[in-house]
Amino acid sequence: MAEKEYTETSEAQIAVHWGEEGYYMPSVKFIAQANMTDESIYDRFSMDNFPDCFKEYADLLDWYKYWDEILDTSDAPCYKWFKGGLLNVSYNCIDRHLAGNSNKTAIHFVPELEEEKIEHVTYRELWVRVNEMAAVLLDFCGLKTGDRVTLHLPMLPDLPVTMLACARLGIIHSQVFGGFSGSACGDRITDSGSSVLITMDAYYRGGKLLNHKQKADEAVGIAEKHGQKVDKVLIWQRYPGKYSASTPMVEGRDFFVNEVIKDYYGARVEPVKMPAEAPLFLMYTSGTTGKPKGCQHDTGGYLACVTATSKYVQDIHPEDVYWCMADIGWITGHSYIVYGPLSICASTVIYEGIPTYPDAGRCWRIAQDLGVNIFHTAPTAIRAFRKTGPEEPAKYNYEFKHMTTVGEPIEPEVWKWYYEVVGKGKAVIVDTWWQTETGGFLCSTIPAIKPMKPGSAGPGMPGIHCIIYDDKGNEVPPGKGIAGNLCIRNPWPGMFQTIWGDRDRFVRQYFEKYCKDSSSKDWRDWPYLTGDAAMMAEDGYVRILGRIDDVINVSGHRLGTKELESAALVVEEVAEAAVVPIRHDIKGVEPDIYVALKPGYEPSEEIAQKVNAALVREIGPIAKARKVWIVPDMPKTRSGKIMRRVLAAISNKSDVGDTMTLANPEVVEDIKKMVEN
Ligand code: WTA
């Protein structure tokens with residue numbers, strides 16, 4: 001594969017201008033209680049001990065039949081972990097806890113409307129519901145092991161119940177983020193070949209009861225147009241016994257789960273003994289180009305990975321109340337709301353609505369009322385809290401001992417705010433870097449062992465051997481201050497098995513670039529290309545610059561958009577920043593920077609100048625923006641990521657494309673007007 005030409009943006013030698021931040025130490029109290037305090041874990045998981053070290057992860061699970069080969073590489077880079085083993089995910093997440101923890105809360109469900117009652121689902125209750133739902137899938141739907149089912153469910157307990165019912169039977173679920181359109185759902189139904197869609201009539205978002213059922217009609221229509229017939233649409237009711245959508249039910253196709261399930265009250269369904277390498281679920285992720293890819297995750301490797309990382313990185317103890325504020329429609333929710341926490345018998349919180357509804361104090365009230373002590377969210381939410389309610393955390397009497405950030409690089413300024421204000425200076429923070437493809441965390445500190453460093457995700461997890469390559473495949477050594485393509489040298493339990501139905505794309509996109517020998521069966525020849533640009537410090541901590549395409553090249557100086565944004569956030573008034581490249585005849589490109597201000601500040605020329613001064617000060621004159629645009633809000637995806645692509649199109653006066661999938665499409669028009677004038 002060596003002679004292959006690659007034309008994509010080269011990552012080699014990106015000048016990285018930010019300085020290293022200092023360490024923050026976890027409190028002695030935290031270290032004293034942590035689940036993992038033994039530093040020798042890094043030795044046990046050293047490259048010399050690969051892959052046998054991962055036995056330690058597998059041993060956190062209950063197996064019907066223990067595996068006989070830890071890693072089968074005969075079809076590299078499609079690997080099989082724990083080959084020969086038999087297990088069931090729903091058994092591991094529920095049944096095995098019944099003997100000692102039957103009455104413990106598995107799920108605290110918090111409806112968006114504050115006047116509605118919080119629901120506490122015990123492990124026993126979860127077991128009953130999952131069994132009954134499994135009976136519906138098996139008997140009423142006629143589904144069997146290996147079939148795919150598309151779920152398009154909002155954040156209610158019915159979602160994990162449905163997932164676990166699928167897992168009980170070895171049915172492969174594909175949950176589509178509830179905020180996605182019917183048409184996005186239809187594409188995923190088609191790609192996965194699902195003949196059953198499971199959805200809900202309605203759910204709350206921003207105080208409004210949204211008609212969700214109408215998306216099912218659209219999804220089924222799109223799927224049928226593409227040749228995938230959907231025989232049954234199962235609809236959970238937001239309020240059991242009442243239909244909350246206005247869209248008509250389709251005779252013979254649409255059924256209310258809450259009615260059908262009555263015939264199965266008391267049903268018990270034996271968990272199916274699944275091979276470790278059997279697929280558990282598909283999670284679609286959109287690349288920057290091409291159609292969505294169905295990342296196929298397995299049973300044994302995946303569960304071992306999320307169980308171990310929930311225990312050691314999330315550090316969840318039996319008495320903790322753990323709240324991950326992601327949506328279960330994303331990988332974070334699958335791994336760290338549902339499968340990981342339930343596998344270790346935690347109490348996990350599911351919140352239906354938006355974090356700032358009805359006001360910016362909502363999250364902290366929930367935390368206070370439920371006694372949440374482990375909190376998990378994304379930089380975008382942290383920036384939103386900082387922007388809309390910086391005084392709120394102090395008003396509530398919660399105490400976090402542990403907090404997570406995930407999903408995008410966090411600017412050191414924002415990290416420090418999270419630490420001081422949300423964590424009240426008492427909580428440890430883990431910055432967990434990973435991807436839909438990877439199943440679980442790849443880089444993070446293990447909180448009682450490694451100190452924190454703002455803006456840096458920390459070292460590779462035990463058994464995850466990171467390496468940074470330049471474009472030619474040479475290693476960029478740690479501590480050189482040079483970024484490159486972040487790769488993982490070895491496979492790990494939890495990594496996706498393939499792209500559903502498209503092994504070629506799987507190999508092409510994730511392995512081809514640095515593959516040493518495409519006929520090799522040796523994992524050493526197949527480094528995994530993450531698609532992120534990153535820099536490794538002397539201490540092995542990895543700082544993510546963002547996706548490879550989030551790099552701009554000004555006069556031959558390659559600047560990570562993230563480092564410019566971090567510099568802008570040093571300015572007191574700035575809450576959020578996004579940098580985009582503008583075509584420039586001489587420089588190639590130059591940056592435009594968009595900033596949103598914290599509440600109480602009015603846009604002014606003075607603030608714009610301060611932003612530019614900060615860019616020049618923190619990075620150098622090369623980073624000076626052509627223009628600082630102070631905008632009311634950033635265009636964002638439903639998962640909260642800033643859509644730089646849209647801003648770049650506005651700046652370059654090109655077509656912004658389809659903005660309907662954004663959380664706030666209306667803001668695009670406002671920004672356009674501002675830039676065009
Ligand atoms: C980015 C989410 C910096 C990264 C789990 C990755 C991060 C992409 C971090 C995957 C982090 C995720 N610091 N960047 N802690 N976590 N990313 O598939 O660019 O939704 O490739 O998985 O998010 O996003 P995905």
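The model is predicted, so local features need pLDDT of at least 70 and side-chain atom pairs count only at pLDDT 80 or more, while totals for chains, interfaces and linings use all residues. Residues are numbered from 1 along each chain as its sequence is written, and side-chain values use heavy atoms, with hydrogens and water left out.

**The ligand site**

Let's start with the ligand. It is surrounded by 16 residues, of which the closest are Asp431, Thr432, Thr436, Asp532 and Arg547; a residue counts as near if one of its heavy atoms lies within 4 Å of the molecule. By type, this shell divides into six nonpolar, five polar and five charged residues. Here Ala, Val, Leu, Ile, Met, Phe, Trp, Tyr, Cys and Pro count as nonpolar, Asp, Glu, Lys and Arg as charged, and the others, Gly among them, as polar. At least two shell residues each come from helix H11, strand E21 (428-432) and strand E26 (542-547). Helices (H or I, at least four residues) and strands (E, at least two) are DSSP runs, numbered from the N terminus.

| Residue | Protein atom | Ligand atom | Distance |
|---|---|---|---|
| Pro409 | backbone N or O | nitrogen | 3.3 Å |
| Gln435 | polar side-chain atom | oxygen | 3.0 Å |
| Asp532 | polar side-chain atom | oxygen | 2.7 Å |

On its own the ligand has 520 Å² of accessible area, and the protein covers 89% of that; such areas come from the Shrake-Rupley method with a 1.4 Å probe.

**A covered helix**

Next comes helix H17 (residues 561-568), where eight of eight residues are buried. Buried means under 20% relative accessible area, exposed over 50%, and partly exposed in between (1.4 Å probe, protein chains only). Among the buried residues of H17 are Lys562, Glu563 and Glu565, along with Leu564 and Ala567.

**Backbone details**

One joins Phe50 and Pro51, with omega about 0°, and Pro51 sits in the loop between helix H2 (41-44) and helix H3 (55-58). Another joins Tyr357 and Pro358, with omega about -5°; Pro358 is in the loop between strand E18 (347-351) and helix H12 (362-370).

Positive phi also turns up in residues other than glycine. Cys345 has a phi of about 60° and lies in the loop between H11 (331-343) and E18. Cys345 is buried, at 8% relative accessible area. Lys653 has a phi near 55° and belongs to the loop between helix H19 (644-651) and helix H20 (666-676). Lys653 is exposed, at 59% relative accessible area.

How values were computed:
Polar contact = N/O pair within 3.5 Å; in protein donor to acceptor, adjacent residues only side chain to side chain.
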